[in-house]
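Biologist: Could you take me through this model, chain by chain, and tell me how each kind of feature is to be read?

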Amino acid sequence: MVQGLFTNYYETTAMIVFGIGFATLLLNKNIIKKIIGFNFMDTAIYLFLASKGYITGRLAPISFEGMNPTFENYINPIPAGLVLTGIVVSVSFSAFFLALAIRLYKAYNTLDLNEIIRLKNMEAEEE
Amino acid sequence: MLSLEQNFPFVCIILSMATGILCAALKPKKAMVVCIANLVINFILSLLALRYCIKVGDFTVYWMGHFPAPFGNEIRFGILETLLATGFSLVMLLSILGGLKHVFHDVDESKQNYYFLMQNLLFASILALIYTNDLFTAYVFVEINTLTSCSIVMLKKGRETLVATTRYLIMSLLGSGLFLIGISILYDITGHLLMPQIKESVEALAATGAYKFPLEMIICLFSIGMGVKSALYPFHSWLPDAHGSATSSASAVLSGLVLKGYIILLIKMFYRVFGLEIIYSSRVLDILFVLGILAMTIGSIKAISERDLKRMIAYSSVAQIGYIYLGIGIGNELGMAAALLQVLVHAFTKPMLFNTAGAFMDVADGKKKFKYLAGAARKNMFAGIVFAIGALSMIGIPLFAGFSVKYYLGLSALENAPRVVLSIIALIISTVLNAIYYIPALMVLFRKTEDTEKVVFIPKNPDIPYIISSIVFVIANFVFGKFASYFIDLIIKGLGMFA
Amino acid sequence: MFEGLINFVDGVSSADNTHKPSKKKVKKYHHHEKTITERLEDDVLNQKSDSFDKFYSVVAIIMAIIIIGSLLFTVSFLPSFGDPTNPANNIVSEKYIVEGVKDTHAINLVAGMILDYRAFDTLGESTVLFIAASAVIILLFANKTKKEHEAEEKEEQKYENKNDPILRHGALLIVPAILVYGIYVVLNGHISPGGGFSGGAIMGAAIILYNLAFGDKSTSEFFSFKIYKRIIISALMFYAISKSYSFYTGANQIHSIIPKGVPGNILSSGLILPLNICVGIVVCCTMFGFYSLFDREEI
């Protein structure tokens, strides 16, 4: 097992970072830190995908041989496309989440999610 | 050259996306018209596609571009997919009609067109989840689904919805993170993104016994990811907040359709990505079975202690989602068909309840706590009757749709001996629990109070779209109750061409 | 506005005294506003949820450790890094590389892949950006009156020097260069590294810099909310319509009338160039939209 982890050291790192991001998004009370955790998580997946597309000694998939590229010269182009899509999605979600954080701060004057939920529950009980 | 009907599913997706984008530039009233027109067209086209599929009796693979299967995107549809799309477009149309009055009341005037934009794109993403045959397309549309459903929750004025949106968003992001990493690992060991090719490689891997643990891990990641997003029991905490605080048609759509989109995706992955043999040999169905039973009981128990009408209905959704997972977990074809029937039945019943809850809030000054709603049904008898029908269907009284689902779930459990006792007990307990919270709710709503001496059938300034949509919902409920066997036959036929 | 943002991230007291975000003050602030916050002080209630918080965090930590552990265990089985015989290097990637140029006439094989073979994903992806921009508009867009504008401008003059000559002259030098570079990256997306997403982001950066140096008024002369909506909607609609034509012809196996051109030329590779331009416009508008909404709640 350890042998496999060391050969795939990029993937190992990616999984550890993913776990950290996952825990931060789930655990941390602060909304801004939650957003950071979410970005950790997504970035880890891109690292994983990018390392999966890499092949030792080959070049980026931009054809330098014109019409007839040879398979043995280029790395796998699919993970690159997937990462591109993923990055766009994660940028969109970060922006949305940050805007939500601004609104929450304006409404409740705190960024502590537990506190916000407590305040909201009290408001609901008061009704 | 394909026949004309075979183009319709693709046309539905693109049309919903295009009209959704267009709504950004329109005035609210025009956006509403565009949204409703789009849904009507979608309903007609899906119905024609369904008719075509029944006539031909085979599925269609539709290339999204000039390249065949392992290279380009594609969508694929048979009876089951078109049936679901037809049902969903009708539900979407009726939910939006039923809550129209509240949208113009609950949403800020300058942002009302965005409500219809989000609804259209949400519908496009649900359609794409139903039709897609490509895992990565599924991921992109899962994200569109998340973003739009969060948006329709937060569009309602007030700060309560912001908190609900945040909780919903956090859980959804966790779910889609797990889903994406599952796709990445699966891509790494199979080298494909299209479902049929992945299935071929997975079957080859299973035959040699290679990558056994990663495959189980991937099944686990997909199940948890979709479980979080469809509010399966231990991951349901976000649901009552989000569904309880949104405007009524948004709650209706979220409960009725959004949760189902993920479940259909999960079923699709079981059938088309892993194949049923691998799923049966892994333990995932046992886990889903147990979680389904837990959801059925605990969701109902939570609903009993709830003092807020909309939150009570939302907790009832947790329990009803449990039925679907129970059906999947029973692990035979009839169980799966019963689960899919429950998908349709719940999609037709829950929006009716949410919209009716909105109608009650109208006569009670916008309050949704039971203590303010006493006698609300006497102020709007029509809504009261509709709510009673929905509640009786949820409890599972014969003649109503809910009963036929329970009947078929029980029937399918009988075919699978090891699970029969647990399933039957769970169904009975859940029925009793449903009655324990729906009947007191009805009693409160129909209670005679000082200011409701006289019964009013329909209040002044009647909400015509709501009345129309409720009548159609009630008819649909009886149709599902009476002709359930026809739908089960259709679904089983559809499942045959699904794999 | 910036000051407010920075304060709110690290909790430093802001210029406005009523808005001190330190914990005690917040409670006091709420205290005046609403009676419910009085009950926040109720120790019993706080303790109850504290113990729940602890339980929750312990469970969540255990869950995270289980997830990391099982994912690492999975990684140890996966094909090894950089190996050309991995299952991912199969006929699909071979086709994308070997026949990519012939099929799509794009030298940049990744651009050919995302905008031709898998164009449906990319349509969804551009829509995600559009939806995110709409969601941020819903959350932050404020319909300000003229008076509020003027008051805000006055307030801002206190913190920012609008007529900084170094910034203005520097921006005047750099902005056109960045803009041209962005356009270059977009237009050459199919024959060199780059494409709509990266080029659009560069163009968006140029407009943001222009806005920072010359103020909101001069930006809104050429980039108002109305123009933003028109540009982004027409770009996405063009994308959807042109691509549906190509999906339709592809699925029905009709010959598509779109000319492919000679690979390596600017005007080549069929729809990829116009789609790259569309995506570039969408990304550029969205980036500037995000910036401007976060900065002044307007576009």
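**Reading the chains and a contact**

Modeller: From the N terminus on, the elements of chain C run α-α-α-α-α-α-α-α-α-α-α-α, where helices (H or I, at least four residues) and strands (E, at least two) are DSSP runs, numbered from the N terminus. Residues are numbered from 1 along each chain as its sequence is written, and chains are lettered from A and ligands numbered from 1 in the order in which they are written.

Biologist: What mean pLDDT does chain C have, and where does pLDDT stay under 50?

Modeller: pLDDT is the predictor's confidence in each residue, from 0 to 100. The mean for chain C is 80, with 82% of its residues at 70 or more, but the value stays under 50 over residues 1-35 of chain C, for which the model has 30 contacts beyond four places in sequence; two residues are in contact if their C-beta atoms, placed from the backbone, lie within 7 Å. Where pLDDT is low, the predicted coordinates should not be read in detail. For the complex, the predictor gives an ipTM of 0.95 and a pTM of 0.91.

Biologist: How many residues of chain C count as buried?

Modeller: A residue is buried if 20 or more other C-beta atoms, placed from the backbone, lie within 10 Å of its own. In chain C, 37% of the 299 residues count as buried, and in chain A the figure is 50% of 127 residues.

Biologist: What radius of gyration does chain A have?

Modeller: The radius of gyration is taken over C-alpha atoms, and the globule rule is 2.2 Å times the number of residues to the power 0.38. Chain A, with five helices and zero strands, has 21 Å, whereas a compact globule of 127 residues would have a value near 14 Å; its C-alpha trace spans about 70 × 40 × 20 Å along the principal axes.

Biologist: Which element of chain B gives the largest share of the side that touches chain C?

Modeller: The contact takes 48 residues from chain B and 43 residues from chain C, and on the chain B side the largest share, ten residues, comes from α6(B).

Definitions and conventions
This is a predicted model: local features need pLDDT of at least 70, side-chain atom pairs count only at pLDDT 80 or more; totals for chains, interfaces and linings use all residues. A residue is buried if 20 or more other C-beta atoms lie within 10 Å of its own, exposed if 12 or fewer, and partly exposed in between; C-beta atoms are placed from the backbone.
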